[in-house]
Amino acid sequence: MSLVKSVEDMIKKPLGVIIDEESLTMILRRRLTKKEYKALSYPLQGLSDEEIKEKLKLDDKRLEELRKSIVHKLNQDKIKQEIYKRV
(Lines give C-alpha, C1' and ligand atoms only; values in the text may rest on other atoms or scores of the structure.)
Protein backbone atom coordinates (compact mmCIF):
# COMPACT_ATOMS: atom_id res chain seq x y z
CA MET A 1 0.00 0.00 0.00
CA SER A 2 1.22 3.50 -0.75
CA LEU A 3 1.35 6.43 1.62
CA VAL A 4 -1.31 8.23 -0.44
CA LYS A 5 -3.69 5.24 -0.21
CA SER A 6 -3.03 4.85 3.50
CA VAL A 7 -3.83 8.52 4.15
CA GLU A 8 -6.93 8.36 1.93
CA ASP A 9 -8.24 5.47 4.03
CA MET A 10 -7.91 7.55 7.22
CA ILE A 11 -9.74 10.64 5.98
CA LYS A 12 -13.46 10.66 6.71
CA LYS A 13 -14.58 13.41 4.31
CA PRO A 14 -12.17 13.66 1.36
CA LEU A 15 -11.79 16.94 -0.50
CA GLY A 16 -10.81 15.45 -3.84
CA VAL A 17 -7.51 13.95 -5.00
CA ILE A 18 -4.49 13.85 -2.70
CA ILE A 19 -1.28 15.48 -3.93
CA ASP A 20 1.74 13.46 -5.04
CA GLU A 21 3.51 11.14 -2.59
CA GLU A 22 6.66 13.24 -2.30
CA SER A 23 4.76 16.42 -1.38
CA LEU A 24 2.50 14.44 0.96
CA THR A 25 5.56 13.04 2.74
CA MET A 26 6.96 16.53 3.27
CA ILE A 27 3.66 17.81 4.70
CA LEU A 28 3.25 14.82 7.01
CA ARG A 29 6.81 15.14 8.32
CA ARG A 30 6.01 18.76 9.18
CA ARG A 31 2.56 18.19 10.65
CA LEU A 32 3.02 14.92 12.56
CA THR A 33 5.39 14.14 15.41
CA LYS A 34 8.33 11.89 14.57
CA LYS A 35 6.69 8.93 16.32
CA GLU A 36 3.37 9.54 14.58
CA TYR A 37 5.09 9.70 11.19
CA LYS A 38 7.01 6.49 11.89
CA ALA A 39 3.86 4.74 13.14
CA LEU A 40 2.21 5.74 9.86
CA SER A 41 5.11 4.81 7.57
CA TYR A 42 6.43 1.58 9.16
CA PRO A 43 3.44 -0.57 8.11
CA LEU A 44 4.03 0.61 4.54
CA GLN A 45 7.54 -0.83 4.85
CA GLY A 46 6.06 -4.18 5.80
CA LEU A 47 6.64 -4.02 9.56
CA SER A 48 4.17 -5.77 11.84
CA ASP A 49 2.60 -4.13 14.88
CA GLU A 50 5.00 -6.06 17.12
CA GLU A 51 8.01 -4.78 15.14
CA ILE A 52 6.65 -1.23 15.23
CA LYS A 53 6.10 -1.37 18.99
CA GLU A 54 9.64 -2.68 19.46
CA LYS A 55 11.25 -0.04 17.21
CA LEU A 56 9.31 2.82 18.79
CA LYS A 57 9.44 1.38 22.32
CA LEU A 58 5.65 1.43 22.72
CA ASP A 59 3.02 -0.75 24.30
CA ASP A 60 -0.31 -1.67 22.66
CA LYS A 61 -2.18 1.22 24.23
CA ARG A 62 0.34 3.88 23.18
CA LEU A 63 0.49 2.60 19.58
CA GLU A 64 -3.31 2.78 19.41
CA GLU A 65 -3.21 6.33 20.83
CA LEU A 66 -0.66 7.35 18.19
CA ARG A 67 -2.86 5.96 15.43
CA LYS A 68 -5.91 7.81 16.76
CA SER A 69 -3.86 11.00 16.92
CA ILE A 70 -2.78 10.56 13.30
CA VAL A 71 -6.38 10.07 12.14
CA HIS A 72 -7.49 13.09 14.16
CA LYS A 73 -4.78 15.31 12.66
CA LEU A 74 -5.42 14.09 9.10
CA ASN A 75 -9.07 15.02 9.45
CA GLN A 76 -8.40 18.61 10.49
CA ASP A 77 -9.35 21.14 7.81
CA LYS A 78 -5.93 22.86 7.75
CA ILE A 79 -4.09 19.65 6.97
CA LYS A 80 -6.73 18.44 4.52
CA GLN A 81 -6.44 21.69 2.58
CA GLU A 82 -2.68 21.15 2.34
CA ILE A 83 -2.77 17.54 1.16
CA TYR A 84 -5.47 17.81 -1.49
CA LYS A 85 -4.78 19.08 -4.99
CA ARG A 86 -6.28 22.44 -5.74
CA VAL A 87 -8.52 22.25 -8.80
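A word on the source before the details: the model is predicted.

I'll start with the charge. Six names to find on the surface: Arg29, Lys34, Lys35, Lys38, Lys55 and Lys57, which gather in a patch of positive charge. Which helix gives the most to that patch? That is α3, residues 34-41, with 3 residues. Arginine 29, also in the patch, sits in helix α2, residues 21-31. Its relative accessible area is 54%, and the cut-off for exposed is over 50%, so arginine 29 counts as exposed.

Next, helix α4, which spans residues 49-56. Which of its residues are buried? They are Ile52, Lys53 and Leu56. Because these residues cover an arc of only 100° around the axis, they lie on the same side of α4. Note that a lysine, Lys53, is among the buried residues here. Now turn to the face of α4 that points away from the buried side: there you find the exposed residues Glu50, Glu54 and Lys55.

Last, histidine 72. You will find histidine 72 in helix α5, residues 60-74. Is histidine 72 buried or exposed? Its relative accessibility is 52%, so histidine 72 counts as exposed. How far is histidine 72 from methionine 10 in sequence and in space? In sequence the two are 62 residues apart. In space, going from C-alpha to C-alpha, the separation is 8.9 Å.

That's the tour; I'll take questions.

Note on methods
Residues are numbered from 1 along each chain as its sequence is written. This is a predicted model: local features need pLDDT of at least 70, side-chain atom pairs count only at pLDDT 80 or more; totals for chains, interfaces and linings use all residues. Side-chain values use heavy atoms; hydrogens and water are left out. Patches are made of residues with over 30% relative accessible area and no salt bridge: like charges are joined within 9 Å, nonpolar side chains (Val, Leu, Ile, Met, Phe, Trp, Tyr) within 5 Å. Accessible areas come from the Shrake-Rupley method with a 1.4 Å probe; for residues, only the protein chains shown count as cover. A salt bridge is a side-chain nitrogen of Lys or Arg within 4 Å of a carboxyl oxygen of Asp or Glu. Lys and Arg count as positive and Asp and Glu as negative; His and the chain ends are not counted. The place of a charge is taken as NZ of Lys, CZ of Arg, CG of Asp or CD of Glu. Helices (H or I, at least four residues) and strands (E, at least two) are DSSP runs, numbered from the N terminus. Buried means under 20% relative accessible area, exposed over 50%, partly exposed in between (1.4 Å probe, protein chains only). The arc is that of the directions from the helix axis to the C-beta atoms.
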